Amino acid sequence: MPQIVVPSPVGSLSLGEKDGKIVQLGWYAPARTEETPLLREARRQLMAYFAGRLRDFDLPLSLAGSAFYRRVWQAMQRIPYGATRSYGELAHETDSGPRAVGGACGKNPIAIIVPCHRVLASGGAIGGYSGGTGLATKRFLLALEARAVSAQREMSLPEQRTLPLPLAGEGRAEGVPPITH
């Protein structure tokens, strides 16, 4: 299976491809590396994600797992960038239980791209994370997305301008008393 290593702020990531689809992203060193056009594109997209310039990955994926796991992973892919869902919300969406959803998150073969880091415990508690350095990695990914969303909001707000008040006798409509200072 062709694999490459991608340096990232959360450690070296191993990306693997099989039959023209990404099949794994994890935190381990592959025995040997072999680049393909798809793996180069996946690396480019991951680097753009970590730079805060990419919100949605556009890569062919092959998620190997039970039908239930695949339902949960598909539900995770629908969580918008910068947003979170609880294990309970995903359990409701997939007709299962929160613990089963947590198990599917832990078995996610394509972390980050399939954003299991966006799944939290009830009440917004961080929950668990099996990738990288665990909860520190999850917190980093959530903060990265929150910063990018916040920066985007700030850039899209119209510039606030305050207009100077007219001095006495300047720019008044008829019948409006002058402003005195």
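This is a predicted model: local features need pLDDT of at least 70, side-chain atom pairs count only at pLDDT 80 or more; totals for chains, interfaces and linings use all residues.
Colleague: How many helices and strands does the chain hold, and what pattern do they follow along the sequence?

Modeller: The secondary structure of the chain consists of five helices and five strands. Read along the sequence, these elements give the pattern β-β-β-α-α-β-α-α-β-α.

Colleague: Among contacts in the chain between residues at least 6 apart in sequence, what percentage join residues at least 24 apart?

Modeller: A contact here requires heavy atoms within 4.5 Å. Among such contacts between residues at least 6 apart in sequence, the share that joins residues at least 24 apart is 55%.

Colleague: What percentage of the residues of the chain count as buried?

Modeller: The chain has 181 residues. A residue counts as buried when its relative accessible area is under 20%. By that criterion, the buried share of the chain is 39%.

Colleague: What percentage of the accessible surface belongs to carbon and sulfur atoms?

Modeller: The accessible surface of the chain comes to about 10,500 Å². The part of this surface that belongs to carbon and sulfur atoms is 53%.

Colleague: How many disulfides does the structure hold?

Modeller: A disulfide requires two cysteine sulfur atoms within 2.5 Å. For Cys105, the nearest cysteine sulfur is that of Cys116, 5.7 Å away, so Cys105 is in no disulfide. For the structure, the number of disulfides is zero.

Colleague: Is Cys105 buried or exposed, and which class applies to Cys116?

Modeller: Buried means under 20% relative accessible area. Cys105 has 8% relative accessibility and therefore counts as buried. Cys116, at 7% relative accessibility, likewise counts as buried.

Methods. Residues are numbered from 1 along each chain as its sequence is written. Side-chain values use heavy atoms; hydrogens and water are left out. Buried means under 20% relative accessible area, exposed over 50%, partly exposed in between (1.4 Å probe, protein chains only). Helices (H or I, at least four residues) and strands (E, at least two) are DSSP runs, numbered from the N terminus. Accessible areas come from the Shrake-Rupley method with a 1.4 Å probe; for residues, only the protein chains shown count as cover.
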